[in-house]
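Have a look at the sequence and structure first.

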Amino acid sequence: MRKILVTGAAGFIGFHLSKRFAEEGFNVVGIDSLNEYYDVQLKLDRLGQLKQYENFQFHSLNITDKEQLNNLFESEGFEYVVNLAAQAGVRHSIDKPYEYIDSNLIGFINVLEACRNHPVKHLIFASSSSVYGANRKVPFEESDGTDHPVSLYAATKKANEMMAHSYSALYGIPCTGLRFFTVYGPWGRPDMAYFKFAKAIVEGKPIKVFNNGDMGRDFTYIDDIVESIHRLMDIAPKAVQSSNKNCDPQESSVAPYSICNIGNNSPVRLLDFISILENNLGIKAIKEFHPMQPGDVKETYSSIDRLSDVVDFSPKTSLEAGLQKFVEWYRDYYQ
């Protein structure tokens with residue numbers, strides 16, 4: 001049985017990914033700090049689903065704890081690591097900046113150090129579409145500039161990419177960073193807009209529509225995210241140095257390192273998204289229109305050419321189908 005560590009295993013993506021690996025017979029070790037950024041009971045209920053698998057084990061552990069993390073690596077001997085542990089949320093990073101420094105920077109350097117001291121076949125880590133900032137060129141491609149983040153959260157994710165590249169170059173750690181685009185689905189995060197909207201609509205409360213609805217998001221269903229990671233795991237990047245100065249730096253790196261978008265390649269306007277959610281809930285939303293919020297961007301739109309080339313897979317779940325599954329889960333979970 002191949003052994004894999006999933007950090008942030010009680011989180012949204014971490015839960016689904018751990019479940020997939022456990023179902024396929026991997027020896028899965030999950031860790032999570034179970035912080036109170038959102039409903040801890042939801043995290044515990046996700047873990048309750050995972051604990052039915054004999055080949056899944058969980059440790060309550062924060063990646064900021066260097067000693068405990070290193071001890072875990074030493075005792076378990078991981079072949080693969082998927083780092084999904086991070087302090088999430090663009091707007092929360094404006095109010096609580098130090099939480100992002102602790103988790104996303106200090107925590108991530110601890111993961112890199114553990115992989116250096118206890119070599120793994122492949123480290124996959126979560127980045128974010130937010131690194132593209134306010135780029136106007138669409139769709140966003142991995143070779144586009146990412147030097148102008150508009151939130152601290154985005155800045156920490158950009159820093160993660162640079163930190164991973166340096167460790168990959170120095171120590172030969174095969175690393176792949178994944179820029180996720182607005183992930184949604186069952187067992188999702190209550191701080192995300194689609195989750196907040198569903199809760200408010202069901203309760204008959206108004207929803208806040210920012211930038212007067214003139215926004216677009218590349219919504220990506222959770223199963224497509226998990227399938228992409230699953231396929232990428234055994235395709236560790238190799239160091240390739242090109243003499244072509246115009247070559248994409250990610251394709252000519254001296255390090256075994258790569259960056260890959262995972263999105264649906266089909267942005268949806270915010271008002272259209274709300275309409276689809278209304279149809280699935282069978283309830284009309286009460287809308288309150290507000291200006292753009294600090295840290296937000298007007299549109300996200302993912303190029304997935306690299307993902308398709310590397311793993312022969314492209315996310316295809318439509319927003320209509322994905323939201324239907326989310327609403328079915330939401331009604332069942334919250335009765």
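Asparagine 212 sits in the loop that links β8 (206-210) to β9 (216-217); helices (H or I, at least four residues) and strands (E, at least two) are DSSP runs, numbered from the N terminus. The phi of asparagine 212 is near 55 degrees, a positive value in a residue other than glycine. Glutamine 335 also has a positive phi, near 55 degrees, and belongs to the segment after α11 (319-334). With 78% relative accessibility, glutamine 335 is exposed (over 50% relative accessible area; buried is under 20%, partly exposed in between, with a 1.4 Å probe and protein chains only).

Valine 138 and proline 139 are joined by a cis peptide bond, with omega about -5 degrees. Proline 139 lies in the loop between β5 (122-128) and α6 (152-171). For context, most residues other than glycine have a negative phi, and most peptide bonds are trans.

## Cysteines

How many disulfides does a search of the whole structure find? The search gives 0 disulfides, a disulfide being a pair of cysteine sulfur atoms within 2.5 Å.

The sulfur of cysteine 175 has its closest cysteine sulfur in cysteine 115, at 7.1 Å, which is too far for a bond. Cysteine 175 is buried, at 0% relative accessible area. For cysteine 260, the closest cysteine sulfur is that of cysteine 175, 14 Å away and too far for a bond. Cysteine 260 is buried as well, at 3% relative accessibility.

## About the model

This is a predicted model, where local features need pLDDT of at least 70, side-chain atom pairs count only at pLDDT 80 or more, and totals for chains, interfaces and linings use all residues. Residues are numbered from 1 along each chain as its sequence is written, and side-chain values use heavy atoms, leaving out hydrogens and water.
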